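Dear colleague,

Please find below the structure that I am handing over to you.

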Amino acid sequence: MQLVIDNKPRTLPEDKILKTIHINSEKTWRGGDQQTLYLVRELKKLGCDSHLIAPPGSLLLERAEGEKIKCFSVRMRGEADVIAIFNIYRIIKKNNYHLVHLHTSHAHTLGFFATRLIKSKPILVVTRRVQFSIYNHSFFGLNRYKYQKWTNHIVSVSNAVKQQLIEDGVSKDKISVIHSSISPNDFTTTLEDSIDNLLPLNKNGHIVGMIGNFDRVKGQKYFIQAIPGILKEFPSTAFFIVGEGKYKKENELLVSNLNLKERVVFTGFIKNVNTLLEHFNVLVVPSLEEGINTTILAAHLLKKPVIATKVGGNTEIIRDGFNGILIPPKDKSAIEKAVVKLLRNKDMCRQFAENGYRKVIENFSADRMAKEYFKLYKKLSGFNDKIYK
């Protein structure tokens, strides 16, 4: 079995519609899953025949089926799941897809081995969404082969991610940058009943919040450590921390130790998080590293001012002093000063919000993202574009 794939474009007949299948192995709902749904939906509008493989019971599968996207349910139990490989192989072989797009690390491995069993092998495209080195969390060093040998092309969601891939030894000619996106049509801000009781009763109080999975790199603890200083200036402020994850209890303990339980709300996972984001006065993104943070895009679409660390793709969305404030990572004092500055200055908040809204509409729309992916697909496959004109 040949475990290295070439990068030669395939030439398809002029009368054939480009058929793609997208594989996402995540059971939870995070930014990458939303981006997968955006892409498959928008490609369908462009006339690209796009289907999806996702785990049973996942929100991605549920939402995609709700939008009448052709879906296949496959249970994926890690990268060495032989049954999943065989099931994916059967789906790809039966439907004769021209291109397979792999949206997660496990999907990358499973999809690669599944396509090795097919004589007429499809193009393999992988999206890389995280900034850390491919050698972190690498199963027996497998990532060296996955990213350098086991894909035709890699799409990074920011220039920061591309640079890290290059530093890891991946050829720059094998990488394209296509930024993640947001869809204005998905935004409903009708408050859910489950959220209503989370909002503070004091109408004069501010709400400052952050949104993200509880992971070391998301920097929740620095946000929490900044809260006492903010409360000295604005004592009626409420702080919302949205998300779930293995470090949640650790952060809840920190809040308790700082005697902040009366001012801090841990909301847990919220299905439609924009319904709560709509009520924020300021969004804080204290990440230590970041591929690209789509919550920033959501905040800009809702015209909310943003404070974010100067790391990764954050700097490709925010221009300091224009549509937000950039601060150093791991700096609770910088978070405190920036939040106080915005809460004191309503005109600055309005200006940042307007500038952010314009930038996201012009540069980060879901239809724009899909058009860039479709252009890449056709280039990689050698597809004749006449049928789409």
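Predicted model: local features only at pLDDT ≥ 70, side-chain atom pairs only at ≥ 80, totals over all residues.

Residues are numbered from 1 along each chain as its sequence is written, and side-chain values use heavy atoms, with hydrogens and water left out.

Overall make-up

The chain has 15 helices and 13 strands (DSSP runs numbered from the N terminus, helices being H or I of at least four residues and strands E of at least two). Of its 389 residues, 56% are buried (under 20% relative accessible area, with exposed meaning over 50% and partly exposed in between, for a 1.4 Å probe and protein chains only). Among contacts (heavy atoms within 4.5 Å) between residues at least 6 apart in sequence, 71% join residues at least 24 apart.

Nonpolar cores

A nonpolar core is a set of buried Ala, Val, Leu, Ile, Met, Phe, Trp, Tyr and Cys residues joined through side-chain atoms within 4.5 Å. The largest one holds 77 residues, of which Ile 53, Ile 88 and Phe 280 touch the most other members. Helix H15 (residues 366–381) gives the most to this core, namely eight residues. Leaving aside residues up to four places away in sequence, Ile 53 touches Ile 21, His 22, Ile 23, Asn 24, Phe 72, Val 74, Met 76, Ile 88 and Ile 91. A second, separate core has 32 residues, including Ile 224, Ala 226, Leu 231 and Ile 325.

Helix contacts

Axes here are lines fitted to C-alpha atoms, for helices over the stretch in contact, with angles from 0 to 180 degrees between N-to-C directions. Angles under 35 degrees count as roughly parallel, over 145 as roughly antiparallel, 65 to 115 as roughly perpendicular and the rest as oblique.

The axes of H13 (residues 332–344) and H14 (residues 346–363) come within 5 Å and cross at roughly 100°, which means that H13 is roughly perpendicular to H14. Lys 341, Leu 342 and Arg 344 of H13 meet Lys 346, Met 348, Cys 349 and Phe 352 of H14.

The axes of H8 (residues 220–233) and H13 come within 8 Å and cross at roughly 45°, and the two helices are therefore oblique to each other. On the H8 side, the contact is made by residues including Tyr 222, Phe 223, Ala 226 and Ile 230, and on the H13 side by residues including Ile 335, Val 339, Val 340 and Leu 343.

Two buried residues

Ile 178 is placed in the loop between strand E7 (175–177) and helix H7 (193–196). Ile 178 counts as buried because its relative accessibility is 4%. Not counting residues up to four places away in sequence, Ile 178 touches Val 155, Ser 156, Val 157, Arg 368, Met 369, Glu 372 and Tyr 373.

Phe 352 lies in helix H14 and, at 5% relative accessibility, counts as buried. With residues up to four places away in sequence again left out, Phe 352 touches Gly 321, Phe 322, Asn 323, Gly 324, Ile 325 and Leu 342. The C-alpha atoms of Phe 352 and Lys 303 are 8.1 Å apart, although 49 residues separate them along the chain.

Yours sincerely
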